[in-house]
Amino acid sequence: DVPLGVMLSGGLDSSVVVGLLSRQLGKAPQSFSIGYEEGKSQFSELHYAKKVADLYNSKHHALEVPGNVFKDFLPKFSWHFDEPVIEAPAVSLFLVSQLARKHVTVVLSGEGSDEIFGGYGIYKKMMLLETLNKYSGFASKGVMGASKLLSSYPKFSRYLRMMSLPLKERFWGQRRCFWLDQVQPYFTDDFKNTIKDDYLRDMIDGYYKKVEGKSLLNQLLYI
């Protein structure tokens, strides 16, 4: 009923959407991609998106954003979201949505596939740490010593310390945006009176109880 398009990154998920939609419609949908001028040789996916668009003969629209445009856009982006957002791709999603709206009314994307099929790298990291944690001798005796040796490498040191933690504490530490003491200064007195110091931990414990006994990957996917 309305013009239909696809947000195409050139990755597996969005490419499959373009392919399946082309088969169902009998023609390729319009596709939309975004990239950045800075670091294009390392991080840009525009060339992958173009390959998929060419394969299905899609009318493709690509936006390459200069760094200064990205920077100048941030205040407007913050105003629209009206809350703290730590996901950098959210800016790209906003900009490519603006581009798509000039041409179509509805867009499909590959969003959500990583959550369903365990596509994020964090799942592999958590499962590896859980495996290493089973070697309790190493986890309890070697972690702190190794952490000292690798103290100049914060990422290594952080993961080594995390190995000895229970899964829920380890995964929670990875997914949190702020520590409680960082945000408490912004709470009103009324709100502070309604929460306990460990209110987040209690809330997350409730979620873990719902998947207790499930496989490690299913626990991670649920949380």
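**A chat about the sheet and its surroundings**

Q: Hi! In S3, which residue is the bridge partner of phenylalanine 32?
A: Phenylalanine 32 has histidine 61 as its bridge partner in S3. Just so you know, this is a predicted model.

Q: Thanks! And in what sense do S2 and S3 pair?
A: Strand S2, residues 30-36, pairs with S3 in the parallel sense, over six bridges.

Q: What order do the strands of the open sheet come in?
A: The order is S3-S2-S1-S4, four strands with parallel pairing.

Q: How many degrees are neighbouring strands turned against each other?
A: On average 30 degrees, with direction ignored.

Q: Which strands does helix H3 lie across?
A: Helix H3, residues 46-56, lies across S2 and S3, and runs at about 175 degrees to S3.

Q: Changing topic: where does histidine 80 lie?
A: Histidine 80 is in helix H4, which covers residues 67-81. Its relative accessible area is 40%, so histidine 80 counts as partly exposed.

Q: What separates the C-alpha atoms of histidine 80 and phenylalanine 94?
A: They are 9.7 Å apart, while the two residues are 14 residues apart along the chain.

Q: Last one: which residues make the nonpolar surface patch?
A: Met203, Tyr207, Tyr222 and Ile223 make that patch, about 380 Å² of it. Tyrosine 207 sits in helix H13, residues 199-210, and is partly exposed at 38% relative accessible area.

Methods. Residues are numbered from 1 along each chain as its sequence is written. This is a predicted model: local features need pLDDT of at least 70, side-chain atom pairs count only at pLDDT 80 or more; totals for chains, interfaces and linings use all residues. Side-chain values use heavy atoms; hydrogens and water are left out. Patches are made of residues with over 30% relative accessible area and no salt bridge: like charges are joined within 9 Å, nonpolar side chains (Val, Leu, Ile, Met, Phe, Trp, Tyr) within 5 Å. Accessible areas come from the Shrake-Rupley method with a 1.4 Å probe; for residues, only the protein chains shown count as cover. A salt bridge is a side-chain nitrogen of Lys or Arg within 4 Å of a carboxyl oxygen of Asp or Glu. Helices (H or I, at least four residues) and strands (E, at least two) are DSSP runs, numbered from the N terminus. Buried means under 20% relative accessible area, exposed over 50%, partly exposed in between (1.4 Å probe, protein chains only). Two strands pair if DSSP finds at least two bridges between them. Axes are lines fitted to C-alpha atoms, for helices over the stretch in contact, and angles run from 0 to 180 degrees between N-to-C directions. Contact means heavy atoms within 4.5 Å.
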